[in-house]
Amino acid sequence: MNIEVKTICCIGAGYVGGPTMAVIADKCKHLKVIVVDLNKEKIDSWNDRDLTKLPVYEPGLKDLIQRCRSKNLFFKTDIKKAIAESDMIFISVNTPTKKSGLGAGEASDLKFIESSARSIAKFAIGDTIVVEKSTIPVKTAEVIKTILVSSQNEFKNKSKKSFTVLSSPEFLAEGTAINDLLNPSRVLIGGDDDDAINSLVDIYKNWVKEEKILKTNIWSSELSKLTANAFLAQRVSSINSISALCEKTGADISEVAKAVGMDYRIGNNFLKPGPGFGGSCFKKDILNLVYICKFYGLNDVAGYWNQVLKINQWQQSRLTNIIVTKLFGTITNKKIGILGFAFKANTNDTRESPAINISSELIIEGAELTILDPKVEEVSILKDLKEFIINKDPSIKVENQVEITSSYEQIATDADAIIILTDWDDFKKIEWQNLSRLMRKPSWVFDCRNTINLNNFKESDLNIWKLGFGSNINNLK
Ligand code: UDX
Ligand code: ADP
């Protein structure tokens, strides 16, 4: 399909669609870029004059939006019109794990992909290139193709239309999305139509060196995305498993990670222990991989990858148990401060955040929590906790046990413990001596992200527990 691309549209204005299209608009001033979403509130926020109200927080995003919005970047709800005027359409909708039916709990729910494909089938005019950007199970392009091809037949008497489907998974990580989009380690484009592939290459060529653009068959492209996420998640589970062994043996996880990471074959990225991985992709993608493996009868392979998820869950339960044990085995009516609720620093996203699981378990154990996160809204925190707790103990009223604050003093006042769950830079600047004075004694700090410099604690009378530090004297208190 050889077409000159002038207008592109992205279905889905979320964490992937919004930032990706902002970068394309900024780098390709000759293109008109329209981002559409079913969610009117979200589109209104993308259009808000107050740039602090954008629905996605990402360093650098505000500047891009300011430069491009209403010039060549538009956020709209009129999906029909946007599809009709576009030459290339990106599908960037969410693909959550199925909650019920066949493959429940493992397979991805493709209902949003399917409805996007049906909208494209109905409203597109002429030749259109469709690009799957959402992380999806292998062979999803086939679903999209089938829907589009059958529409070609259905609508052929009314208007002439034809489609080419490409897979171009997005590898951006939240918190560094703009930098990842501007300097990608690679851009992957899968498909079998060279002209259509080159049309997408031409867009990326505006800022990405051609040697970084990989062209593959469509299934390799889809499977590469799942595999990359599975490998990354596996590293996190690996280092977290060793953090537990460090605590038992007297080794120090930061020393072990450094020594291991200096081997160039292993590399030093993704070796930070923590309360487990969160985010919208890792768990969902591994579940998907497990499902696909089982489907093809590769049960041992499925079991191998499932273990990465098990360790992730285990790490969260392990930390909750350590906290309760250190606080004399009971936390009923004890006040505990939680620092960080996002699944990682520099994002307002809480999807699959370990903070949800850990905080909820502490609430169920009877604790009163005060929670501070620099970017996550109060409503999101309460919604996440309620959704988790309702399935475990519907009698608990979350609001009675949780306060959200932006004040470190409030976090510390009368608290028995403070738990660091997200690696925000702000937490590195905390004056612990000052907070210590406000806490009830004996008081604890549980650093589950190893963000604290132990030297800052020398003068304070806090008990400190650091993840993976067997040699930390306070760990042994
Ligand atoms: C991930 C992939 O990195 C990205 O390529 C893909 O497109 C989407 O999924 P994201 O989930 O946004 O990105 O963040 P990432 O930086 O990968 O972190 C995922 C989780 O692992 C976070 O909870 C993070 O705190 C945790 N993590 C990461 C660690 O605990 N230790 C590490 O060393 C690295
Ligand atoms: P991601 O992290 O993959 O970007 P998000 O949940 O942040 O996921 O964003 C996906 C967006 O896709 C949501 O805002 C959702 O409303 C939107 N969406 C889902 N289905 C459709 C559809 N058929 N048409 C338009 N937008 C859709």
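1. In this note, Ala, Val, Leu, Ile, Met, Phe, Trp, Tyr, Cys and Pro count as nonpolar, Asp, Glu, Lys and Arg as charged, and the others, Gly among them, as polar. On that basis, the lining of the largest cavity comprises 4 charged, 3 polar and 2 nonpolar residues. The structure under review is a predicted model.

2. The count of cavities of 30 Å³ or more comes to 1. The largest cavity holds about 40 Å³ of space. Its lining includes Glu132, Lys133, Ser134, Thr135 and Ile136. Ser167, Pro169, Glu222 and Lys225 also line this cavity.

3. Strands β7 (residues 187-190) and β8 (residues 213-216) are paired in the parallel sense, with 4 bridges between them. Within this pair, isoleucine 189 is placed opposite lysine 215 of β8.

4. Helix α11 (residues 282-295) has 14 residues, which at 1.5 Å a residue should span 20 Å. The C-alpha atoms at its ends are 20 Å apart, in agreement with that expectation.

5. How many of the 14 residues of α11 are buried? The number is 10, so the helix is largely enclosed by the rest of the structure. Buried here means under 20% relative accessible area. Among the buried residues of α11 are Phe282, Ile286, Leu287, Leu289, Val290, Ile292 and Cys293. Lys284, Asp285 and Asn288 of α11 are buried as well.

Note on methods. Residues are numbered from 1 along each chain as its sequence is written. Chains are lettered from A and ligands numbered from 1 in the order in which they are written. This is a predicted model: local features need pLDDT of at least 70, side-chain atom pairs count only at pLDDT 80 or more; totals for chains, interfaces and linings use all residues. Side-chain values use heavy atoms; hydrogens and water are left out. On a 1 Å grid over the protein atoms alone, a cavity is a set of points where a 1.4 Å probe fits but cannot get out, and a pocket is an open set with protein on both sides within 12 Å along at least five of seven lines; lining residues have an atom within 4 Å of a point. Grid points are joined across faces, edges and corners, and a volume is the space filled by probe spheres set on the points. Two strands pair if DSSP finds at least two bridges between them. Helices (H or I, at least four residues) and strands (E, at least two) are DSSP runs, numbered from the N terminus. The expected span of a helix is 1.5 Å times one less than its number of residues. Buried means under 20% relative accessible area, exposed over 50%, partly exposed in between (1.4 Å probe, protein chains only).
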